[in-house]
Amino acid sequence: MTVSASKPRHEWFQTNSTVTLTIFKRGLSSESDVTASYEDNFLTVSSPDGEIFAGQLAHPVDKAHFSLHVTPRKVELQMPKLAGDHWDRLLQDETAPKVRLGPITDVAKWDKMEKEVLEEEKNEKDDGDTGMTKAMQALYASCDADAQRAMMKSYVESGGTVLNMNWEEVSKKKVEVSPPDGMEFKKYGR
């Protein structure tokens with residue numbers, strides 16, 4: 001993993017057949033925002049802001065079968081290996097990583113990291129599952145005890161397909177499963 005002032009942080013991992021490079025770059029929305037070029041074992045990944053990764057790979061990869069995936073927080077480039085050997089390092093000029101033994105005990109670093117993550121979560125856009133989860137948590141927290149009880153009972157008894165906030169209605173009978181239109185509920189055995 002390399003960190004510099006001008007280029008975003010990156011990580012990599014490998015399987016027997018591929019090497020995956022993850023570049024932590026915010027603000028990109030689609031694959032069209034990123035280009036990856038590979039020539040003579042030198043990989044360059046660029047965005048509209050400029051070069052976000054460049055380096056001489058330690059081993060050759062199959063340029064014709066690169067797979068690029070972009071999310072709002074990162075860029076993932078999957079590169080098939082030409083040979084199925086294990087890579088000790090991603091870049092040719094890197095030294096093999098040193099293995100740290102034992103836990104990280106510097107509490108101040110963990111506290112600082114926790115504050116940064118919490119601040120980041122507070123400032124991130126509420127979209128998709130994250131937004132729905134936050135909305136449901138806010139709704140649950142703003143309800144009285146009867147409504148919370150009704151929400152929990154209806155959600156659990158219906159297998160997550162019904163959410164009812166009326167305790168008078170929910171307390172009298174079992175809440176039936178009600179999947180969305182076009183869907184079928186299947187109960188799995190234990």
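1. Trp-87 is buried, at a relative accessible area of 1%; here buried means under 20%, exposed over 50% and partly exposed in between, with a 1.4 Å probe and protein chains only. Two aromatic pairs are counted, where rings of Phe, Tyr and Trp (its six-membered ring) pair if their centres lie within 6.5 Å, with planes under 30 degrees apart called stacked, over 60 edge-to-face and the rest tilted. One of them is the tilted pair of Trp-12 and Trp-87, at 6.4 Å centre to centre and 45° between the planes. Trp-12 belongs to strand β1 (residues 10-14) and Trp-87 to the loop between β7 (75-80) and α1 (107-123), so the pair ties together parts 75 residues apart in sequence.

2. A word on the basis: this is a predicted model, in which local features need pLDDT of at least 70 and side-chain atom pairs count only at pLDDT 80 or more, while totals for chains, interfaces and linings use all residues. Residues are numbered from 1 along each chain as its sequence is written, and side-chain values use heavy atoms, leaving out hydrogens and water.

3. On the overall fold, the chain has four helices and seven strands, which are DSSP runs (helices H or I, at least four residues; strands E, at least two) numbered from the N terminus. Along the sequence the pattern reads β-β-β-β-β-β-β-α-α-α-α. Of the 190 residues in the chain, 23% are buried.

4. Thr-20 sits in strand β2 (residues 18-23) and is buried at 3% relative accessibility. Which residues does Thr-20 contact, leaving aside its neighbours within four places in sequence? They are Glu-11, Trp-12, Phe-13, Glu-76, Leu-77 and Gln-78, with contact meaning heavy atoms within 4.5 Å.

5. Nine salt bridges are present, each a side-chain nitrogen of Lys or Arg within 4 Å of a carboxyl oxygen of Asp or Glu. Lys-7 pairs with Glu-51, their closest N and O atoms being 3.2 Å apart. This pair links distant parts of the chain, 44 residues apart: Lys-7 lies in the segment before β1 and Glu-51 in strand β5 (residues 50-56). Lys-7 is partly exposed at 28%, as is Glu-51 at 40%.

6. Asp-49 and Lys-25 form another salt bridge, with the closest N and O atoms 3.0 Å apart. Asp-49 is in the loop between β4 (42-47) and β5 and Lys-25 in the loop between β2 and β3 (35-39), so parts 24 residues apart in sequence are tied together. Asp-49 is exposed at 65% relative accessibility, whereas Lys-25 is buried at 16%.

7. Do look at Arg-149. Its side chain meets that of Asp-146 in a salt bridge (2.1 Å, N to O); the two are three residues apart in helix α3, so about one helical turn separates them. Arg-149 also lies over the face of Trp-167, at 4.6 Å from the ring centre; the rule asks for NZ of Lys or CZ of Arg within 6 Å of the ring centre and within 35 degrees of the ring normal. Arg-149 is partly exposed, with a relative accessible area of 42%.

8. Arg-9 lies over the face of Phe-24, at 4.1 Å from the ring centre.
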